[in-house]
Amino acid sequence: MKQYTKSQKIFYIVLPFVLIPVLVILGRYISNYTHLFPPCPSYTLLHFSCPGCGTTRAVTALLHGDILLSLRQNPFVIIGIVLIALVYVEFLLKVFNKKLPFEIFSNMKITWTVLIALGIFTVMKNIFPILAPI
C-alpha cells in the first residue's frame with residue numbers, strides 16, 4: 001500500500017474546500033449563458049431523450065439552490081454528486097490507511113446497478129413524458 005506524506009494528506013483534505021467553491025462560482029457564471037450550449041443531438045435529430053437530457057438545466061437549477069427542479073430535470077446529476085462524494089471518502093480513507101468494510105467502486109454490483117438504473121430511467125422517460133425534462 002502506498003504511503004502518503006503529511007503534506008499530501010493535508011492537500012487531499014483541503015482540496016474539496018478549495019475546488020468546490022471555485023466550481024460553484026464558475027458554474028453560476030456559466031449558467032447565465034446556457035442558451036449558448038448546443039441542443040442535445042439525440043433529441044434534435046431523433047426526438048429521443050438520451051440519459052444526459054436535462055443535465056445542463058439540472059446543474060443550473062442546483063447551482064441556484066433549487067434541488068427539486070434539479071431532480072425533476074435529471075435526477076442522475078444529484079446521484080452523480082453523491083457517488084463522487086463516496087469515491088472521495090473512499091479515497092480519503094485509503095490515504096489514511098483505514099480499513100474499509102467494502103470498496104464502493106471495486107464492487108461491480110454497485111456499478112452495474114447504477115448503469116442499469118440509468119438505462120431503465122432513459123427508457124421510462126421516453127415512454128412517459130412526465131419523466132422527461134421540462
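A pocket is an open set of grid points, where a 1.4 Å probe fits, with protein on both sides within 12 Å along at least five of seven lines. The exercises below use a predicted model.

**Exercise 1. The largest pocket**

Find how much space lies in the largest pocket, and which residues and elements line it.

*Solution.* 
- Start with the volume. The largest pocket holds about 790 Å³ of space.
- Go to the centre. The lining has 24 residues, and Ile20, Leu23, Val24, Ile81 and Ile84 are the closest to the centre.
- Assign the elements. H1, H3 and H5 give two or more residues each to this lining.
- Pick the main contributor. H1 gives the most, with 9 residues.
- Sort by class. The lining has 18 nonpolar and 6 polar residues, and no charged ones.

**Exercise 2. The second largest pocket**

Describe the second largest pocket by volume, lining and class.

*Solution.* 
- Take the volume. It is about 400 Å³ for the second largest pocket.
- Look to the centre. Among 18 lining residues, the closest to it are Pro39, Cys40, Cys53, Gly54 and Arg57.
- Name the elements. At least two residues of the lining come from H3, and at least two from H6.
- H3 gives the most, with 3 residues.
- Sort by class. This lining divides into 8 nonpolar, 8 polar and 2 charged residues.

**Exercise 3. The span of helix H5**

Work out what helix H5 (residues 76–95) should span, and check the result against its end C-alpha atoms.

*Solution.* 
- Count the residues. H5 has 20.
- Apply the rule. The expected span is 1.5 Å times one less than the number of residues. For H5 that gives 28 Å.
- Compare. The end C-alpha atoms of H5 are 28 Å apart, so the two values agree.
- Step past the helix. Asn97 follows H5, and its phi is positive, near 55 degrees.

**Exercise 4. The buried side of H5**

Which residues of H5 are buried, and which helices do they pack against?

*Solution.* 
- List the buried residues. They are Phe76, Val77, Leu83, Glu90, Leu92 and Val95.
- Find the partners. The buried residues of H5 pack against helix H1 (6–30), helix H3 (55–63), helix H4 (67–73) and helix H6 (108–127).

**Exercise 5. Thr60**

Is Thr60 buried or exposed?

*Solution.* 
- Thr60 lies in helix H3.
- Recall the cut-off. Buried means under 20% relative accessible area.
- Apply it. Thr60 has a relative accessible area of 18%, so Thr60 is buried.
- Check the contacts. Leaving out residues up to four places away in sequence, Thr60 touches Ser31 and Thr34.

How values were computed:
Residues numbered from 1 in each chain as written. Predicted model: local features only at pLDDT ≥ 70, side-chain atom pairs only at ≥ 80, totals over all residues. Heavy atoms only, no water. Helix = DSSP H or I, 4+ residues; strand = E, 2+ residues; numbered from the N terminus. Buried < 20%, exposed > 50% of the residue type's maximum accessible area, 1.4 Å probe, protein only. Contact = heavy atoms within 4.5 Å. 1 Å grid on protein atoms, 1.4 Å probe; cavity = no way out; pocket = protein on both sides within 12 Å on 5 of 7 lines; lining within 4 Å. Points joined across faces, edges and corners; volume = space filled by probe spheres on them. Nonpolar A, V, L, I, M, F, W, Y, C, P; charged D, E, K, R; others polar.
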